[in-house]
Amino acid sequence: MNRIKFLTGAFVSMWLLGSCGGSQQHADKQSGTPPTEMKVTGESVAELTAPPLVPKPVGNREATKLIVNMEIVEKEGEMADGVKYLYWTFNGSVPGSFIRTRVGDEVEFHLKNHPNNKLPHNIDLHAVTGPGGGAASSFVAPGHEVVFSFKVINPGLYVYHCATAPVAMHIANGMYGLILVEPEGGLPPVDKEYYIMQGDFYTKGRNGDPGLQPFDMQKAVDEHPDYVVFNGKVGSLTGDNAIKANVGETVRLYVGNGGPNLISSFHVIGEIFDNVYVEGGDLINKNVQTTLVPAGGASIVEFKVEVPGTFVIVDHALTRTFNKGSLGMLTVSGDENKQIYSGKQTEGIYQPEGGTIQNMPGENAPAAPKAANLEERIALGKTVYAKTCLACHQENGQGIANAFPPLAKSDYLNEDVGRAIEIVLHGKTGEIVVNGAKFNGVMPAQVLSDEEVANVLSYIYASWGNKKQEIKPAMVSAKRGH
Ligand code: HEC
Ligand SMILES: [Cu+2]
């Protein structure tokens, strides 16, 4: 790190903001102690916030022992109108809670994995100096809590994310957030601060297809997202959810990109960033139109709002914005300034282009049709497989090494039909050996009717070199009580 440069930058921006009336003294309390040797005084529990809000600035406080309580929650949420998605979250939001620290803080991190969750997780914080950014010490199973500590020594804005295999899948399901490390004395004060994080999402159905959409591993591998959004969903920052400021105020956005794959060309239509903390570090660039936010990276942008209106926040790779969702809004209230902008302003001019266009969700889904013969059962089972099992066991039942066992030519599956039915009904944990390879994961219990379980298993047994065995609904209901 380069502290001298950081301070120079901070002073320059203080001077700039000072001229806009938003500033006071700051960063005037430099101890000269290297962060690694800073002593901590006292202890406090970190304030954590869901996006788009951020915790209170550190100001002039001393370095302290900061306790961070983070709970991992797997929960269903809304990707867009009528489109549901099973998110994996840090503290229930996507992105996860914003963590605000200062250099020299000793962070005691409590990572809890909610007992209702299906999978183990962990956390890699890019602000950590240590193996895996904490990932190595934080692997935690459902119903458990791990504690680890680290000292923050480099100022800047950093991404954190889950690093459990398959990592891209955990990130694609929403497991990322930002941790800010302020310099000694704090960042220069501004009037408004917000938290925005971009992410790309891969669903089985296409953009706008209604209902619960499972994760699609193949689209993730191909880097073809169906949704590219700010703060986890289409519309998180539009309409009533728009972020707000008043004419004359200075605004600071903490912008992150969880990815897992795309980089963001972050832009606010009708604004110029007065300051950009390039890649969230201590280099300050001035008068920037669009700033690049890499996957797994961040940026801090600052600007003063001079005129009222709606300022549209976009990824300037614009088909994403208009067709996949990465569109937000900043609403600025106050008096017009005709000298800066003459008027004739239309609010939300980009809205009609879409981005939030959705197919109407169908009427109440009809009850699962009954199969008249084996052929129909297999065809119906294929649909159940695509919706329910494919995300983990993959398109052709090949599974993912070290994570999800294969269902194709599976000796384990073919050995015991009754056991396979029980696994689908009740889930499965603990070590198993499939085709000579060990797996020790968590298969969630599936919420399916007897008919659907019979169909999906008949399909699997009829496919990929398995032993062709029809499963009847009566065989499933006989296993329900077990
Ligand atoms: C969230 C991921 C996930 C989903 C969704 C899922 N499984 Fe699994 N499945 C697993 C894991 C992990 C295991 C291994 C469990 C263990 O290690 O004990 C497994 C094991 C199995 C096994 C036994 C091992 C083998 O390879 O023969 C069968 C059979 C199975 N799953 C069928 C299904 C079916 C059918 C569905 C859909 C109705 C499904 N699974 C949905 C993750 C999943
Ligand atoms: Cu995870």
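Helices (H or I, at least four residues) and strands (E, at least two) are DSSP runs, numbered from the N terminus. Pro260, for instance, lies in the loop between strand S14 (250-259) and strand S15 (264-268).

This is a predicted model, in which local features need pLDDT of at least 70, side-chain atom pairs count only at pLDDT 80 or more, and totals for chains, interfaces and linings use all residues. Residues are numbered from 1 along each chain as its sequence is written, while chains are lettered from A and ligands numbered from 1 in the order in which they are written.

**Overall make-up**

The secondary structure of the protein chain comes to nine helices and 25 strands. A residue is buried if 20 or more other C-beta atoms lie within 10 Å of its own, exposed if 12 or fewer, and partly exposed in between, with C-beta atoms placed from the backbone. Of the 482 residues of the protein chain, 46% count as buried. Two residues are in contact if their C-beta atoms, placed from the backbone, lie within 7 Å. Among contacts between residues at least 6 apart in sequence, 72% join residues at least 24 apart.

**Ligand 1**

A residue is near a molecule if its C-beta atom, placed from the backbone, lies within 6 Å of it. There are 29 residues around ligand 1, and Cys389, Cys392, Pro405, Gly441 and Met443 come nearest. Elements that give two or more residues to this shell include helix H5 (374-393), helix H7 (417-426), strand S25 (442-443) and helix H8 (450-462). H5 supplies the largest share, five residues. For classes, Ala, Val, Leu, Ile, Met, Phe, Trp, Tyr, Cys and Pro count as nonpolar, Asp, Glu, Lys and Arg as charged, and the others, Gly among them, as polar. The shell has 20 nonpolar, eight polar and one charged residues.

**Helix H8**

The expected span of a helix is 1.5 Å times one less than its number of residues. The 13 residues of H8 should therefore span 18 Å, and its end C-alpha atoms are 18 Å apart, which agrees. H8 is mostly covered, with twelve of its 13 residues buried. Those buried residues pack against H5, H7 and H9.

Axes are lines fitted to C-alpha atoms, for helices over the stretch in contact, and angles run from 0 to 180 degrees between N-to-C directions. H8 and helix H9 (residues 473-480) pack at an angle of about 115°, with their axes 8 Å apart. In this packing, Asp450, Glu451, Val453 and Ala454 of H8 meet Pro473, Val476 and Ser477 of H9. The contact has four nonpolar, one polar and two charged residues. Just after H8, Trp464 takes a positive phi of about 55°.

**Backbone details**

| Site | Feature | Value |
|---|---|---|
| Pro51 to Pro52 | cis peptide bond | omega near 5° |
| Gly259 to Pro260 | cis peptide bond | omega near 20° |
| Lys409 | positive phi | near 45° |
| Asn435 | positive phi | about 50° |

Pro52 has its place in the loop between strand S1 (43-45) and strand S2 (65-80). Lys409 is found in the loop between H5 and H6, and counts as partly exposed because it has 16 C-beta neighbours inside 10 Å. Asn435 sits in the loop between S23 and strand S24 (437-439). With 13 C-beta neighbours inside 10 Å, Asn435 also counts as partly exposed.
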